[in-house]
Amino acid sequence: MAGTGGTAPATYSPSPTTHKNKTSLFQQDWVRPDGRGFHQCRPAFFRTGAVNAASGSAYAEFGNTKVIVSVFGPRESKKAMMYSDIGRLNCNVSYTTFASPVRGQGSDHKEYTAMLHKALEGAIILESFPKTTVDVFALVLESGGSDLPVVISCASLALADAGIMMYDLVASVSVSCLSKNLVIDPVFEEENSQDGSLMITCMPSRYEITQLTVTGEWSTPKINEGMQLCLDACAKLAKIMRSCLKEAASDSQE
Amino acid sequence: MYDWAETRVWASCGPTSPQKGTKDNGLEPTSYWASRLTRQTPAGAAPYTTLLRPSTPPPPRRWIPYHDYPIGTFLSGHLLSLWQASSYYPSMGFPDASKDLSSEMEVDAFRRLFPLQYFERHLSEAIRPDGRPLGKARDTTVVLGAVASANGSALVKIGSTTMLSAIKMEVMTPSLESPDEGCLAIDFHMPPICSPIVRPGRPAEAAPVLSKQLSDTISSSGIIDLKELSLVTGKAAWMAYLDVYCLDADGALFDAALLSAVAALSHLQIPAVSMNDDGKIVLMSDDDGQKQAQEPVNNEKRNLTLRSIPFSLTCILHKNYILDCVALTRQRVKELKGILEEANSTMQVE
């Protein structure tokens with residue numbers, strides 16, 4: 001590489017920076033960038049068996065958000081020194097350097113890792129693989145908004161592909177509050193200018209929630225409305241995930 | 001002749017209990033003891049050697065919970081599940097019920113216990129385990145423009161090895177020794193999804209090695225002229241960050257990585273930029289009417305001209321099986337050139 005010398009030169013991206021102040025003026029009559037209604041989710045695309053080297057894997061694409069999740073295990077883990085009569089779940093979420101519009105570092109996202117762990121551990125039957133560990137690794141190829149819900153849904157598909165026993169498929173949807181409006185499945189722009197966000201991870205068939213995350217300013221009626229929106233959307237998302245698994249199973253039988 | 005009902009009761013008390021999935025049409029004895037007790041083998045009964053094996057293979061499962069089988073004693077169930085576990089190693093296809101199952105299972109166990117001899121048995125027939133002849137490469141596909149937000153990107157699959165590479169352009173001040181040259185920074189990553197040997201805290205050994213190999217190959221091949229990456233001599237030049245991510249590691253990593261890096265470079269489109277009043281380079285956009293007064297540094301989007309394109313082929317030498325690597329490489333280069341040109345032409349049509 002010519003021209004660098006000892007240290008890497010400082011670079012900047014020529015693209016115009018996003019102006020947060022500009023967008024807040026327009027929130028009263030916010031028009032979604034992709035023309036969706038406020039209560040409309042992006043079309044979801046799922047595919048299992050994306051990675052051959054893994055026990056189970058899945059690829060999810062929601063608009064511009066693209067995620068690959070691989071599941072390895074149950075296998076032995078050096079980290080687990082002590083005997084345990086239930087299995088362990090080990091998660092990791094990392095971003096590529098080209099995931100965000102401006103080039104980032106591409107390192108692990110510790111916060112999302114912890115949240116993914118919390119979302120999945122309620123749904124997996126840990127007693128079915130004692131003394132071993134199941135590794136769930138996620139890589140976000142492109143981040144177009146609402147990343148963590150997509151990662152969680154994709155991870156539960158990958159776990160199903162790997163044959164890990166679970167109580168139910170886990171579906172996750174988030175809702176953003178933009179001044180007066182509730183917007184479901186927010187895009188990157190909307191997330192940047194939101195007043196608050198509500199993310200629900202639930203097991204639709206059992207009507208049980210494994211994780212609920214609320215940030216920002218919310219009034220009680222708004223929270224109720226947001227929760228109802230999310231739960232309905234999760235039920236529909238779970239149907240899509242189930243049909244994807246059925247297709248994959250029938251393809252392999254042929 | 002024994003009463004069949006009685007025989008079946010005896011069968012369930014024997015050391016080997018009846019197995020799930022055996023052909024049970026009511027006439028066939030289902031255990032070792034049952035076959036010994038019945039002096040007359042009924043018509044259609046399978047011979048002894050295959051009696052102990054289920055005639056229809058159960059679906060493949062990674063973990064066999066003990067409570068799933070109707071067993072008499074715990075011990076017999078333990079033996080049963082151990083025996084059946086050995087035949088459940090993940091295999092891609094189901095053996096036919098009509099084929100001799102004993103040789104099918106031994107092949108799989110053989111592959112795991114003695115991998116070297118397994119491969120040598122195949123090499124002696126001049127064939128590979130997946131049926132390829134020795135000199136043939138796996139199916140290669142190149143898809144350009146996989147990442148929409150990057151300036152140039154490519155997704156390459158060689159068999160199941162998958163590589164995704166993307167180029168993002170940023171502006172830097174060129175160094176004093178070469179004020180009219182840009183820079184190309186190549187980085188190879190192996191994220192934990194690609195292979196069971198990579199852990200989040202412990203990166204794969206192959207990653208920095210391949211990274212260095214890639215950057216050496218690309219810079220020494222002279223595929224691009226760094227002078228094309230210059231903007232304003234001495235003040236601004238392009239820094240192209242080329243990141244190659246391995247999404248699935250199944251051998252021939254360097255071949256796939258190099259092909260995807262080269263494909264991304266061929267797809268790269270340098271955006272149109274102009275210099276604003278602060279001396280910073282910004283993207284030319286149609287919205288800002290007042291900026292048209294500035295001098296456009298780069299008039300329109302343009303592609304890089306590629307000079308000599310490097311391709312690679314990985315060959316393995318094993319004992320006395322020597323391949324003519326040079327001839328194979330020449331042939332492979334022609335194949336890859338064709339694939340790359342096809343991918344480029346489909347992009348241009350769109």
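**Chain B, overall**

I began with the secondary structure of chain B, which comes to 9 helices and 10 strands. I note here that the model is predicted. Next I looked up burial: chain B has 350 residues, and 40% of them count as buried. I then checked how far apart in sequence the contacting residues lie. Among contacts in chain B with a separation of 6 or more, 64% are between residues 24 or more positions apart.

**Strand S6 of chain B**

I turned to S6(B), residues 236-248. I asked how many of its residues are buried. The count is 13 of 13, so S6(B) is buried along its run under the cut-off of under 20% relative accessible area.

I went through the pairings of S6(B) one at a time. With S3(B), S6(B) pairs in the antiparallel sense over 11 bridges. I picked out one residue there: B:Leu164 has B:Tyr245 in S6(B) as its bridge partner. With S4(B), the sense is parallel, and I found 7 bridges. In S6(B), B:Ala240 stands opposite B:Leu184.

The strand S5 of chain B, residues 230-232, is joined to S6(B) by 2 bridges and runs antiparallel to it. B:Ser230 stands opposite B:Ala237 of S6(B). S5(B) and S6(B) form a hairpin with 3 residues between the strands, and in this hairpin B:Gly234 takes a positive phi near 85 degrees.

**Where chain B meets chain A**

I counted residues on the two sides: 44 of chain B are in contact with 41 of chain A. I then looked up the area. The size of an interface is often given as the accessible area lost when the parts come together. For chain B and chain A, the buried area is about 3,600 Å², with 60% of it on carbon and sulfur atoms.

I asked which residues form a salt bridge between the chains. The rule finds 2 salt bridges across the interface. One of them joins A:Arg103 to B:Asp243, with the closest N and O atoms 3.2 Å apart.

I then checked which strands of chain B supply the side that touches chain A. Strands S3 (161-172), S4 (183-189), S6 (236-248) and S9 (281-283) each supply at least two residues. By class, that side of chain B has 30 nonpolar, 6 polar and 8 charged residues.

Strand pairing also crosses between the chains. Strand S1 of chain A, residues 11-12, is joined to S3(B) by 2 bridges, and the two run antiparallel. I noted that A:Tyr12 has B:Val171 as its bridge partner in S3(B).

I looked for a cis peptide bond and noted the one from A:Gly73 to A:Pro74, with omega near 0 degrees. A:Pro74 is found in strand S4 of chain A, residues 65-75.

I then listed two residues other than glycine with positive phi. In chain A, A:Lys131 has a phi of about 65 degrees. A:Lys131 is found in the loop between helix H2 (110-121) and strand S6 (133-142) of chain A. Is A:Lys131 buried or exposed? A:Lys131 counts as exposed because its relative accessibility is 57%, and the cut-off for exposed is over 50%.

In chain B, B:Ala126 has a phi near 60 degrees. B:Ala126 is in the loop between helix H6 (115-124) and strand S1 (140-144) of chain B. With a relative accessible area of 43%, B:Ala126 is partly exposed.

Note on methods: Residues numbered from 1 in each chain as written. Chains lettered and ligands numbered in written order. Predicted model: local features only at pLDDT ≥ 70, side-chain atom pairs only at ≥ 80, totals over all residues. Heavy atoms only, no water. Contact = heavy atoms within 4.5 Å. Buried area = accessible area lost by both parts, 1.4 Å probe. Salt bridge = Lys/Arg side-chain N within 4 Å of Asp/Glu carboxyl O. Helix = DSSP H or I, 4+ residues; strand = E, 2+ residues; numbered from the N terminus. Nonpolar A, V, L, I, M, F, W, Y, C, P; charged D, E, K, R; others polar. Pairing = 2+ DSSP bridges. Buried < 20%, exposed > 50% of the residue type's maximum accessible area, 1.4 Å probe, protein only.
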